Amino acid sequence: MGLVSKGRLPAPLTKLFNMSRSYSLWVYQWGLACCAIEMGAAFGSPRYDVMRLGVIPLPASPRQADFVCVSGTVTDKMAPAVKRLWEQMPEPKYAISMGSCANCGGPYWDSYSVTKGVDQIIPIDVYVPGCPPRPEALLEGIVLLQQRIKNEDMAAKWRGEEFTTLQRTRALEEAANRGAQDDASKPIVVGGGPIE
């Protein structure tokens, strides 16, 4: 993949690779509390059938996962394990935060032992709000993540840079020279509302 990391991949081939990656995602489920029941319903039941979206649940280890779905209350004691899980995943990797507790601490936000959101530990691509969110909301978050993957600049992702779309790479370079900010690198929120 030397052509990918150097940014010399033709645009049609980049689109093909991105589409292929978006429809073959291995998900590592990190269920910590009650939201894990809804995550299990989305990933395990035939009613929602995430495999039709190209998401394959239950990889053997984080080293084989493309994205992690963290659901439930992340405590300060659990934070190093979540960080270690993230570090074991190969690039390019993505993360979904599911539920109010994973997003911002939920009803336990003022507890001395609760991390105020998993985004304090790892970078989050999609927030799924709710207490607990419905399985349909998680499926919407997965579809939004797939859309982001289809439009991303593979070379920038493999170099570890922030999310940029194929069409905006040159515009971002020009904007960076002018000192402007970009909204495309912000995380996605299912439903478009606040994450609380």
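Q: In which sense do strand β1 (residues 25-31) and β3 pair?
A: This is a predicted model, in which local features need pLDDT of at least 70, side-chain atom pairs count only at pLDDT 80 or more, and totals for chains, interfaces and linings use all residues. Residues are numbered from 1 along each chain as its sequence is written, and side-chain values use heavy atoms, with hydrogens and water left out. Strands (E, at least two residues) and helices (H or I, at least four) are DSSP runs numbered from the N terminus, and two strands pair if DSSP finds at least two bridges between them. Over five bridges, the sense of pairing between β1 and β3 is parallel.

Q: Which residue of β3 is the bridge partner of G31?
A: Strands of a sheet pair through backbone hydrogen bonds, either parallel or antiparallel. In β3, the partner that bridges to G31 is S71.

Q: Which residues of β3 are buried on each of its two sides?
A: Buried means under 20% relative accessible area, exposed over 50%, and partly exposed in between (1.4 Å probe, protein chains only). Five of the five residues of β3 (67-71) are buried. In a regular strand the side chains alternate between the two faces of the sheet. On one side these are F67, C69 and S71, and on the other V68 and V70.

Q: Within what arc do the buried residues of α2 fall?
A: T14, N18, R21 and S22 are buried in α2. The arc is that of the directions from the helix axis to the C-beta atoms. These buried residues line one face of the helix because, seen down its axis, they fall within an arc of 95°.

Q: How far apart are the end C-alpha atoms of α2?
A: The expected span is 1.5 Å times one less than the number of residues. For the twelve residues of α2 that gives 16 Å, and the end C-alpha atoms agree, being apart by 16 Å.

Q: Is L16 buried, partly exposed or exposed?
A: L16 lies in helix α2 (residues 11-22). Its relative accessibility is 43%, so L16 counts as partly exposed.
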